[in-house]
Amino acid sequence: MSSHSFNQSFLSITLTQGSTDSLHKSGIATVLHIEEKQIAEELNPGERARILRKLDWHLLPFVSLLYMLSFLDRANVGNAKVAGMSKDLNLVGLRYNIAAAVFFILYSFAEVPSNIALKLFRPSRWIPIIMLAWGLVMTLMCLVDSFRSLVVARMFLGLTEAGLFPGVTYYISLWYPRSEQSKRIAIFFSAATVAGAFGGLLAYGIEHLEGIGGLHGWQWIFLLEGNATLFVACLSFFFMHDYPETAKFLTETERAYVIDMLKQDANDLATHYHIRFVLQAMKDYKTYIQVFIYMGLLVPVYAIALFTPTIINELGYSTTHAQLLSAPPFLAGCFATILVGVYSDKYQIRGPFIIGGACVSIVGYILLYCDGSAGMSYTGACLAAIGVYPTIAVDLAWAGSNAGGDLKRGVVIAMVIGLGNLGGICSSFVYIDPPNFHIGHGTIMGFLCLSISLSLFAMWDYSRLNKKKEAQCQAEGLIDSRKNEFRDMGDASPLFRYAI
C-alpha cells in the first residue's frame, strides 16, 4: 500500500474537542475517533509493520541506552571489588555482601510511587530527572573512603535508580499492544546483558588509570561511568517522547492508527488516575504470583551480575582475565534475550518460555555445582546467563499484559519489579563459600525451581479464568460493543482475556 492510499484510508477520521487524561494535564487536546472496521479493512500487515518499526527506531535505542547505563552503574561494584576496592576499603567478611545488598532496600519500595508519578507527570521530564540524580550519586561514589560511606552511597544509588526500569517497562506498554511487547521489552532488557559484558571490558581498560589524579582504578570506574550517565541524562530531556498523542515523529494518520490500536487492545479500559485502580493491583492475588515468579528469576540475574567476575577469578584466572572472561556469558545472554522475546511474541505464549529458560539455567548451575574443570564451569556460567536472562523480559510482558487498565498495569509492573528486587538482597549473600560456592549455586537452583512451579500454576489459573469468562460471555450474550460497561473493571472485565 502506498503512503497516499494509506492516508486515504483515514478520510473518515472526525475530530472532537475534549480533555484527555493521556495528555497528562497538557490542557484541551484533539481526540481522534476512528471507525475500527475501516481500519481493519484498509490497513494491511505491511503498513502496520512499518508503523511499529517507526516506533521502534524512535523509542527503543534511547531507552535501551538508559537501561544499559542504569545496570552498568548498579553492577559495577562487582568489577570495582575485583579491581582492588575490597582491599582498599577493607571489605572483610560479609562487608561486600552488605554493600551490594543495601542497594535493593530503597530501590524496591520506591518503584510503585515512581510509576504513579510517571503517570501523573511527563515521561520526558520524570525519567531524565531521576537519571540526573543517580548519575550524580554514581559520580560521587569515587570519593568513598570507607565501608560505611560505601553503604550510604549504595543506598542512595538504589533510591535514585528505582524509577527507571519499571518506568520504561510501563512506558513501552503505553506505546505497543500486548502482542508486541515481549520482543520490545527483550530488546530493552538486553541492554542489561550488554552492560554486563561492556562493564567487564570497560573496567579492564579503566583499571589502567590507577594512580592518576590520586585515584585508584576502581574509583575511576565510578567517576567515568557516573559522568557518562550525567551526559546522557541531559540529552534525554530532548530525545524522549511522551505519548503517541503528542509524538511529533508520527503523521496524523499514523498517530490515529496507533491510538486506536492501543484502544482496541485495551478493550477500552480506563486510562485515567483513580485510587481504585491502585487498590485493584494491590489486592489482586495474581500480582503476587507474578512477584514471586519474577523474584525467582531475578535472584540468579543479580547473582550473575554481582559475582561472575569473582566466580571466574576463583576458577584460577587472574584479575585481568576475570574481567575479560566475564563478557561472553553476558553477550550470549543478550542474543538469547532478543531471540526468545521475538518467538514469545510470534507464538503469543509466555509461561512455556519462562519454564524453558529456567531449565536451561538450572543445567548451567548444575555444571557449576559439580566442581568440574575450569572449562566446564565456565560453560555452566554461560548456560546460566543464556537461560535466565531471556525470562525477565518475557515475565514482565506477561505480568503487564495480564493487568487491565493503564494505571493498574503501571502499579502491577512496579510491584512485580519492586518486590521482586528484594531478591537482590538474597543474591548478595548466597555466594559466601569460595572457591566452590555450593551454597550459592544450590540456592539459585532452588529459586529457579520456585519460578518454574509458579509459572505452571499461573498458566493453569489464567486458562481457567479465560474459560470462565468465555462461558459468562456466551451465557449473557456479552460482545465487544458493550465493553464501555466494564471500563473500570480492569482485567476482571468479562471481555478481557489473559495471556498464557
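Modeller: A residue is called buried when its relative accessible area is under 20%, exposed when over 50%, and partly exposed in between, using a 1.4 Å probe and protein chains only. This is a predicted model, in which local features need pLDDT of at least 70 and side-chain atom pairs count only at pLDDT 80 or more, while totals for chains, interfaces and linings use all residues. Residues are numbered from 1 along each chain as its sequence is written, and side-chain values use heavy atoms, with hydrogens and water left out.

The part I pick is helix 8, residues 147-161. Helices (DSSP runs of H or I, at least four residues) and strands (runs of E, at least two) are numbered from the N terminus. The buried residues of helix 8 are F147, L150, V151, A153, R154, L157, G158, T160 and E161.

What about the length of helix 8? The expected span of a helix is 1.5 Å times one less than its number of residues. For the 15 residues of helix 8 this gives 21 Å, and the end C-alpha atoms are 21 Å apart, so the two agree. Helix 18 (residues 374-401) can be checked in this way too: its 28 residues reach 42 Å from first C-alpha to last, close to the expected 40 Å. Of those 28 residues, 22 are buried, so helix 18 is largely enclosed by the rest of the structure.

As for the chain, there are 21 helices and 2 strands, and 58% of the 500 residues are buried. Among contacts with a separation of 6 or more, 81% are between residues 24 or more positions apart. L235 lies in helix 11 (residues 217-239) and is partly exposed, at 30% relative accessibility.

One pair of helices shows how a contact is described. The axes (lines fitted to C-alpha atoms over the stretch in contact, with angles from 0 to 180 degrees between N-to-C directions) of helix 13 (275-283) and helix 19 (406-420) come within 8 Å and cross at roughly 40°. Helix 13 and helix 19 are therefore oblique to each other (under 35 degrees is roughly parallel, over 145 roughly antiparallel, 65 to 115 roughly perpendicular, the rest oblique). In this contact F277, V278, Q280, A281 and M282 of helix 13 meet L407, K408, V411, V412 and M415 of helix 19.

Last, the loops. Q348, between helix 16 (327-347) and helix 17 (351-369), has a phi near 55°, positive in a residue other than glycine. Q348 is partly exposed, at 38% relative accessibility. F437, in the loop between helix 20 and helix 21, also has a positive phi, about 55°, without being a glycine, but F437 is buried at 2%. P435 lies in the loop between helix 20 (423-429) and helix 21 (438-476), and the peptide bond from P434 to P435 is cis, with omega near 0°.

Note on methods
Contact means heavy atoms within 4.5 Å.
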